[in-house]
Amino acid sequence: MKLLWNEEDITQEIDITGLLYGDYAGGHADKVFLKCLNVNHLAFAKKDVLRVEKDGINTGNLYISEISKKGDVYTMKALSTKTKQLDSNVFIKDRITLYELAEQAAKDLGCTLVMKEVQNQLYDYKEQILVDKIKFLTHICELEGILIKINHDRLILMNEKAAENMDSVLELEEEDFI
């Protein structure tokens, strides 16, 4: 079997554990479900083109419409037709900084990025699969001890420890309320 990804033969680079080929009529694939291992070095994304060739059968170009990961197993669904709009909720990247992730989320939200006392972490590998950019960033910030807030068209990231140690601006007592 030969697996092509965006016209590049990747058969020897990954371990295919399962392949389901769907042909409803016409002798050409309508969809393919692919399960594979050892793909961390490849940045599969929605709308990428897959093609499978085996024993004279050629699926033709199939467009990735779904990607999921469970443990080390990636599952992809590819369709014979391009979807009108596949969202950008799949992102797999080697060597990316917190700033780059935050900047992408801010851009999607139409906000300006403000980082206060936040260390710009460098991540060897990050993958965002089927989660929008702001939820993905929020999860990373929670793990890193960073507060995240959207206010006045700004995406604000602030070091949680620094925020705890800030002087209060206003303190209200019970008698201040009517």
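## The largest cavity

About 30 Å³ of space lies in the largest cavity of this predicted model. A cavity here is a set of points, on a 1 Å grid over the protein atoms alone, where a 1.4 Å probe fits but cannot get out. Grid points are joined across faces, edges and corners, and the volume is the space filled by probe spheres set on them. With a cut-off of 30 Å³ or more, the count comes to 1 cavity.

Which residues line the largest cavity? They are Leu-101, Gln-104, Gln-128, Lys-133, Phe-136 and Leu-137, where lining means having an atom within 4 Å of a point. Sorted by class, the lining has 3 nonpolar, 2 polar and 1 charged residues. For that sorting, Ala, Val, Leu, Ile, Met, Phe, Trp, Tyr, Cys and Pro are nonpolar, Asp, Glu, Lys and Arg are charged, and the others, Gly among them, are polar.

## Helix H1

Now for H1, residues 98-109. Helices are DSSP runs (H or I, at least four residues) and strands are too (E, at least two), numbered from the N terminus. At 1.5 Å a residue, the 12 residues of H1 should span 16 Å, and its end C-alpha atoms are 17 Å apart, which agrees. That expected span is 1.5 Å times one less than the number of residues.

Leu-98, Leu-101, Ala-102, Ala-105 and Ala-106 are the buried residues of H1, buried being under 20% relative accessible area with a 1.4 Å probe, protein chains only. They cover an arc of only 135 degrees around the axis, so they sit on the same side of H1; the arc is that of the directions from the helix axis to the C-beta atoms. After H1 comes Gly-110, with a positive phi near 75 degrees.

## Two nonpolar cores

A nonpolar core is a set of buried Ala, Val, Leu, Ile, Met, Phe, Trp, Tyr and Cys residues joined through side-chain atoms within 4.5 Å. The largest has 20 residues, of which Phe-44 and Leu-50 touch the most other members. Strands S1 (2-5), S4 (31-37), S5 (49-54), S7 (62-70) and S8 (73-79) each supply at least two residues of this core. Apart from it lies another core, of 17 residues, including Ala-102 and Phe-136.

## How to read the values

Residues are numbered from 1 along each chain as its sequence is written, and side-chain values use heavy atoms, with hydrogens and water left out. In this predicted model, local features need pLDDT of at least 70 and side-chain atom pairs count only at pLDDT 80 or more, while totals for chains, interfaces and linings use all residues.

Methods
Buried < 20%, exposed > 50% of the residue type's maximum accessible area, 1.4 Å probe, protein only. 1 Å grid on protein atoms, 1.4 Å probe; cavity = no way out; pocket = protein on both sides within 12 Å on 5 of 7 lines; lining within 4 Å.
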